[in-house]
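The following exercises are to be worked through with the sequence and the model at hand. Each task is followed by a stepwise solution.

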Amino acid sequence: RVLSFLHGMEASTVKLLDKALGIPLCGFLSLAKPFRRRPVKVERILAICFWGIGSTVNTLPALKALKRKYPKARLDVLTPTKNAALFYKNKHVNQVILIDMNVFSLLKVMRQVRGKYDLVVDMEHWLNISAIIGFLASGRVIGFSNKFRSVLYSDKIHFDPGQHAVLNNMELARLAGAYYPVERLEKIETAAADNKFVQRMLKQ
């Protein structure tokens, strides 16, 4: 309970800082946008999948589309630690970069990804920090246009609240030239030990 409380405090602090500092920081960084180099080749891709487990599940078809379009490119995913298991044995993802929702972890990740990618696909809907991380990571960032943070994006599309999240995410992939008709969610692989643990719980 104590750990859960502390984690909630960290997340709340990040949200407050994001709201207070995110918009002016996005505005400041956008001044450098005209001078940034847009990568010609796509050899390294970063997908930003923040916050909820359910929201992250809805990004998996778009990740598959990106890997189909750029099979030789490295596709990394930036996601909170709590979502790590969703990418277990995911054949479309090369590396999962985990982040904890606290200031120190955010700063560490910013240094880690800075200038390392040719393309960033930001699938976060609300937070300014995801757009800032994407801007630092690449000269080409794709994201949703609904918030002010979109001033940092190279390519953007409107988030349609009346459309399923999977399809909204696929529209982001379409901007990167990647798309396929989605009929079902991607299967999530699970470890054998986890399967046995669940079976024991169900029997009890």
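**Exercise 1: A surface patch and a pocket**

At 37% relative accessibility, Leu17 counts as partly exposed, because that class lies between buried (under 20% relative accessible area) and exposed (over 50%), with a 1.4 Å probe and protein chains only. The model is a predicted one, in which local features need pLDDT of at least 70 and side-chain atom pairs count only at pLDDT 80 or more, while totals for chains, interfaces and linings use all residues. Residues are numbered from 1 along each chain as its sequence is written, and side-chain values use heavy atoms, with hydrogens and water left out.

Task: Determine which nonpolar patch and which pocket lining include Leu17.

Solution. 
1. Leu17 lies in helix H1; helices (H or I, at least four residues) and strands (E, at least two) are DSSP runs, numbered from the N terminus.
2. Together with Leu21, Val103 and Leu107, Leu17 forms a nonpolar patch on the surface, with about 320 Å² of accessible area in total. Accessible areas come from the Shrake-Rupley method with a 1.4 Å probe, and for residues only the protein chains shown count as cover.
3. Helix H1 (2-30) and helix H4 (103-113) each supply at least two residues of this patch.
4. The lining of the largest pocket includes Leu17, Leu21, Val103 and Leu107, and also Met110 and Ile132. A pocket is an open set of points on a 1 Å grid over the protein atoms alone, with protein on both sides within 12 Å along at least five of seven lines; lining residues have an atom within 4 Å of a point.
5. Two or more lining residues come from each of H1, H4 and helix H5 (128-137), and H1 gives the largest share, 6 residues.
6. The largest pocket holds about 220 Å³ of space.

**Exercise 2: The surroundings of Tyr153**

Task: State where Tyr153 is placed, whether Tyr153 is buried or exposed, and which residues Tyr153 contacts.

Solution. 
1. Tyr153 is placed in the loop between strand S5 (141-144) and strand S6 (155-157).
2. Its relative accessibility is 0%, so Tyr153 counts as buried.
3. Beyond its neighbours within four places in sequence, Tyr153 has contacts (heavy atoms within 4.5 Å) that include Lys33, Asp122, Ala131 and Phe144.
4. Ser30 is 123 residues away in sequence, yet its C-alpha is 9.0 Å from that of Tyr153.

**Exercise 3: Helix H6 and what follows**

Task: Identify what covers the buried residues of H6, and describe Gly177 and Glu186.

Solution. 
1. The buried residues of helix H6 (residues 165-175) include Val166, Met170 and Leu172.
2. Their cover includes helix H3 (60-69), strand S4 (119-122), S5 and S6.
3. Glu186 is found in the loop between H6 and helix H7 (192-203), and touches Leu60, Pro61, Lys64, His92 and Tyr180, residues up to four places away in sequence not being counted.

**Exercise 4: A loop residue**

Task: Where is Lys89 placed, and is Lys89 buried or exposed?

Solution. 
1. Lys89 is in the loop between strand S2 (74-80) and strand S3 (95-99).
2. With 64% relative accessibility, Lys89 counts as exposed.
3. Although Lys89 is not a glycine, its phi is positive, about 55 degrees.

Conventions:
Patch = residues over 30% accessible without salt bridge, like charges linked within 9 Å, V, L, I, M, F, W, Y side chains within 5 Å. Salt bridge = Lys/Arg side-chain N within 4 Å of Asp/Glu carboxyl O. 1 Å grid on protein atoms, 1.4 Å probe; cavity = no way out; pocket = protein on both sides within 12 Å on 5 of 7 lines; lining within 4 Å. Points joined across faces, edges and corners; volume = space filled by probe spheres on them.
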